[in-house]
Amino acid sequence: MQSGYAVCTSDLSKILTIAPCKTKFIFVTITTGQTLTDALCFKDLTLAKTVEKRARRKFDDMPETCLLYTSDA
């Protein structure tokens, strides 16, 4: 698992990742630790906010989100 800031849905059930095609963002249901490893994770809060705004422009029906700090410790 990575450490840093991640974009999650407000109910913490899904996390923002890059789609396998590498051209768009998708929210993936958190089911295993591997899901967290695959998530977008940013060391800098400002960068996380920037990516969240960018993702919001790409989603027609972006869910309510929050930024979550994850730690591998």
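Here is a short exchange about the fold and core of this predicted model.

Me: What makes V7, L16, F25 and the residues grouped with them a nonpolar core?

Reply: A nonpolar core needs buried residues of the nonpolar kinds, joined through side-chain atoms within 4.5 Å. The largest such set here has 11 residues: V7, L16, F25, F27, L40, F42, A48, V51, A55, F59 and M62. Strand 3 (25–29) and helix 2 (45–58) are the elements that give two or more residues to this core, and helix 2 gives the most, with 3. In soluble globular proteins, nonpolar side chains tend to be buried together.

Me: How do you know what V7 touches beyond its sequence neighbours?

Reply: Contact means heavy atoms within 4.5 Å. Leaving out residues up to four places away in sequence, V7 touches K14, I15, L16, F27, A48, E52, T65, C66 and L67.

Me: Why does the radius of gyration of the chain agree with a compact globule?

Reply: The globule rule is 2.2 Å times the number of residues to the power 0.38. For 73 residues a compact globule would come out near 11 Å, and the chain has 11 Å, so the two agree. Along its principal axes, the C-alpha trace spans about 35 × 25 × 25 Å.

Me: What makes up the pattern of the chain, read along the sequence?

Reply: There are 2 helices and 4 strands, and they follow one another as β-β-β-α-α-β. Among contacts with a separation of 6 or more, 55% join residues 24 or more positions apart.

Me: How many of the residues, as a percentage, count as buried?

Reply: Buried means under 20% relative accessible area, and 33% of the 73 residues are buried.

Terms used. Residues numbered from 1 in each chain as written. Predicted model: local features only at pLDDT ≥ 70, side-chain atom pairs only at ≥ 80, totals over all residues. Heavy atoms only, no water. Buried < 20%, exposed > 50% of the residue type's maximum accessible area, 1.4 Å probe, protein only.
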